[in-house]
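Here is a short report for a reader who is new to this structure.

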Amino acid sequence: MSLLEPILKAALLGTEKYQPEAALLPHGLGEAIAATGTDREDIFLKTTAVALWYTDAGSLPQSTGTGVPHCPPEERTYTPTQRTEILTEIIQKNDLLLLEYFTGRAVAHQQVIPPQWVPTLLDLAVQHKKLRPGLLSLAGTTGQWLCGINPYWQPLQATPTDEVWQTGTEPERLEYLKQVRAEQPARAIELLQDGFEQENAALRLAFLQVLHTHKCAQDEAFLQKTLADKSKPVKQEAQLLLKTMPGSDLNKAYLAYAVSLASVREERYLLVSRKKVLHIAEGIEPPKALTDTGISKVSGQKGVDDHYVWFAETVAYTPPEALAQALQTDADTLLQLMLAHKGLEYLRIHLVQSAINFRHAGWMRQLIAAGMHLNAAMLQVLPPQEQLELLNGLLQSQGAEAIAAIESLNYLPCTVQQAGRYIEFLKNQPYHITKRDYQVLALHFPPGAAAMLEAFLANHGTSFNPPYFIERVQDMLQVVQYKQQFTA
Amino acid sequence: MALSKEQILALAPDDASAKAGQQLSGPAKWVSKQASPEAVWGACQGSGKTPYITFIDLTDTAFKCTCPSRKFPCKHGLGLYLLYAQQPQLFDTRGEMPLDLQQWLQKRQAKAEAKPSEKEQKPVDEAARQKRQEARQQKVEQGIAGLQVWLKDLVRGGIAQVPQQMPGIALGMAARMVDAQAPGLALQLRRMADIAYFEEGWQLHFLRAVSGLYMATLLHGQQLWANAEQQADSHQYIGYPLAKETVLQQPATSDKWLVLARKTQTEDNLTTEVAWLYGLGQQKFAQHLQFLARNQAPEVMLTAGMVLQADLVYYPGSFPLRALFRSGTQQVQQTPVFPQHPGMAGVKKSAADVLAVHPFVENIPFILTGVQLQRAKAQWLLADAQQQGLPLLNPEKDIYHLLAATGGHAFDAFVLYSHGALQVLTLFVHQQTIPL
């Protein structure tokens, strides 16, 4: 029997009901206490104290349990001191935007963070799914090793399988579908085919939206079946996917109708020369397949004839190159003719839609030059360097869209001059974008912009109004300095 | 000698100050930045017209700033020190130290060098002091008598209902001990209130607290100490004050002291800082306490990994740990090298020897070498090379930090032994000092 069992029994029952025997303690200690005790409680408390001290002093170390396997050696290099300090400072500030950016930079250099920071990274990876791949890469071999030991981190190692599709939550299934679509586009269609009608309408819509990327030949048959969906938004999404799928039956119907309406003719111009003119025929009504999928039956715009509306709305879903070829001209000339056509003057938005749907950079350049109001979707049709040139203009008209475009460009650096133009604009419109947006903008600045920002602060510093803008410029300078130090 | 970034951030009074300090660590924030081997100074532009002037004493870490902040060190001090630690090349070393900085440093030096006997001493009224001591003695004895009755009442009827009554009954008795001028007993009762009563094994923790208190009160009441050291232990446990000036009369131990760990706890606007020190020459441990009212500057700024040349004076006791700095401290550069430790059997033997003379000691410090983490079912252990282990008290979060930093390999550690288990406070690995 252990020394402490009778003591615990007496404590729980109370000394009124039970008292340990004097012989409990060794070396006659119990008897000595009993002989000199003033009452039962006095004897019990002394016995307890001595028993506990005796146990504490006399216990031996235990034979050990199972050793922890050693962490395998790290193959990649550790981030150098300055990068580590920047990363740890950002982690301590819990700044997820900067963490995502600088984690990506470190991973791109094939580096990992020193091991003592790995538990913090793994905790963040559990909380923030979006950052997970970057954080796990930055955690390196130590991270993988720790995930194998700590049950809380074990799910980080798990590779999703079709079991997620069968039994996961809606967000998990959506995430899995995106992953499968990126790796095996046709497999995504296989997953959707089985039981798609049983999903709720919102989920059916979300699943269809995944199919806008990594398109494949198997998409059309599935989408054709989905045209009969009982949910209007789902049906419209399927229609959109088919309309923008070159070669699909629906897309071919759009092209055929556009060709039936339009013709390019050469006409005498100023008596001595000839020029091409676009003619759009009247009276050819759109087929049911087109009016069922979004083409207006009559013009909804005052002063704009039906046949112009039919043509423009159809062109939105007609690949520019295919239409130009069918009309025996080239895409650039066709666009010029459409821009010059008076009947299409108020319908140019559909030309923009065509450039976006079929990612036609040539049309987009001309449409922007023609003064079409810029948005992020238009910008993303162009190559990255061209987007940089136009971003300042977008920032001035639509700050949030410009910021979204910068993020989608993976923060491709602008020039110092471009950075200066952003500051000049925001100086007068400091609340045009949010505090987070200033950080995004700063991530877009080159390391050389630090001197420009320092000069701005030195010149304007204390007297500038509002102080909010000065604080934002200070924050931006901090970000740019991080970039400088990170690349040093 | 400048501190590292981690050490500087550890000086911050709270997280908000650490964050604000980091935000001020960019060069753009400082309109002037200068340095010498002894000090760093700079001017930071705030929202007002005049920049704030900040000084830092590098030899004996101290801060001074003209900003109105009541925090210590303020964000300007932290920011300037962080900037200096990370980018010393940005600081102008050619300029002369401003006059007020020179005066501040001289004043600090003079204060540090002043011996206790040289400080102005008020004449003592012996009779009044005797009367006060007798009155206090009486109050303490009355308080103890009441405490003993309370402790006996707890065990008479059985302790099964205690979890439902806690923490109220213990805190109530703690308040009575404060009134009885026995703050040490009040502290023990507050610790009793903090036991996790709804976890398995609470009964033993409770009985340890109750029986320990009872024995301490008997020891005091019946004056059962064997020598002056044990009397000092008893007085310290009860909470009799011992004047700093009296302690400083004791012989000092001069050594290079490695700061092993520093922990702070704030309750009711009072911050208690506990720093553990280790003499690299004499291999002795010491514990330094500072009690700081809100926004009060600490007398000494300590951070783990720092090495200070200093004289320490121990409080009397049979296992002396608590100590005071006799005079100023000087930061020095030294890489700690620890002697090989005999392992867990040695820990148990040393602990038994200490408990034999001072059974009330809470934590016994050790520096263990070549230890490893092991697992026995759900319990983590710290094991030595002879495959003997003791349970770890550290929370899971700490265990995984230990694993990450060591990769599962052997390491050296500063630990506290308490009631058969260990708590790792600092680990030494890859020539780094990593506090947990």
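This is a predicted model: local features need pLDDT of at least 70, side-chain atom pairs count only at pLDDT 80 or more; totals for chains, interfaces and linings use all residues.

## Ground rules

A residue is buried under 20% relative accessible area, exposed over 50%, and partly exposed in between (1.4 Å probe, protein chains only). By that rule A:E424 is partly exposed, at 42% relative accessibility.

Residues are numbered from 1 along each chain as its sequence is written, with chains lettered from A and ligands numbered from 1 in the order in which they are written.

## The sheet in chain B

Chain B holds an open sheet of four strands, in the order 1-2-3-4, with antiparallel pairing. Strand 1 (30-35) and strand 4 (62-65) are the edges, each pairing on one side only. From one strand to the next, the twist averages 10°. Strands here are DSSP runs (E, at least two residues), helices likewise (H or I, at least four), numbered from the N terminus. Two strands pair if DSSP finds at least two bridges between them.

Strand 2 (residues 39-44) and strand 3 (residues 52-57) of chain B are joined by six bridges in the antiparallel sense. B:W41 has B:F55, in strand 3, as its bridge partner. Helix 3 (residues 75-86) of chain B lies across strands 1, 2, 3 and 4, at about 60° to strand 3. Such angles run from 0 to 180 degrees between N-to-C directions, with axes fitted as lines to C-alpha atoms, for helices over the stretch in contact.

## Salt bridges

The structure holds 28 salt bridges over all chains. Each is a side-chain nitrogen of Lys or Arg within 4 Å of a carboxyl oxygen of Asp or Glu. A:D162 and A:R187 form one, with the closest N and O atoms 2.1 Å apart. This pair links distant parts of the chain: A:D162 sits in helix 8 (residues 162-167) and A:R187 in helix 10 (residues 185-193), 25 residues apart. A:D162 is partly exposed at 27%, and A:R187 is partly exposed at 23%.

A:R173 and A:E199 meet at 2.6 Å, N to O. They lie 26 residues apart, in helix 9 (residues 170-183) and in the loop between helix 10 and helix 11 (201-210) of chain A. A:K427 and A:E424 form another salt bridge, at 3.2 Å. These two are three residues apart in helix 24 (residues 416-428) of chain A, so about one helical turn separates them.

## Where the chains meet

The contact (heavy atoms within 4.5 Å) takes 62 residues from chain B and 56 residues from chain A. About 4900 Å² is buried between them, and carbon and sulfur atoms give 62% of it. Buried area is the accessible area (1.4 Å probe) that two parts lose on being put together, summed over both. Four salt bridges cross the interface. A:D39 and B:K152 meet in a salt bridge of 2.8 Å, N to O.

What does A:T15 touch? Its contacts include A:F44, B:V155 and B:R156. A:T15 is buried, at 2%, in the loop between helix 1 (5-13) and helix 2 (29-36) of chain A.

Definitions and conventions:
Side-chain values use heavy atoms; hydrogens and water are left out. Lists of a residue's contacts leave out its neighbours within four places in sequence.
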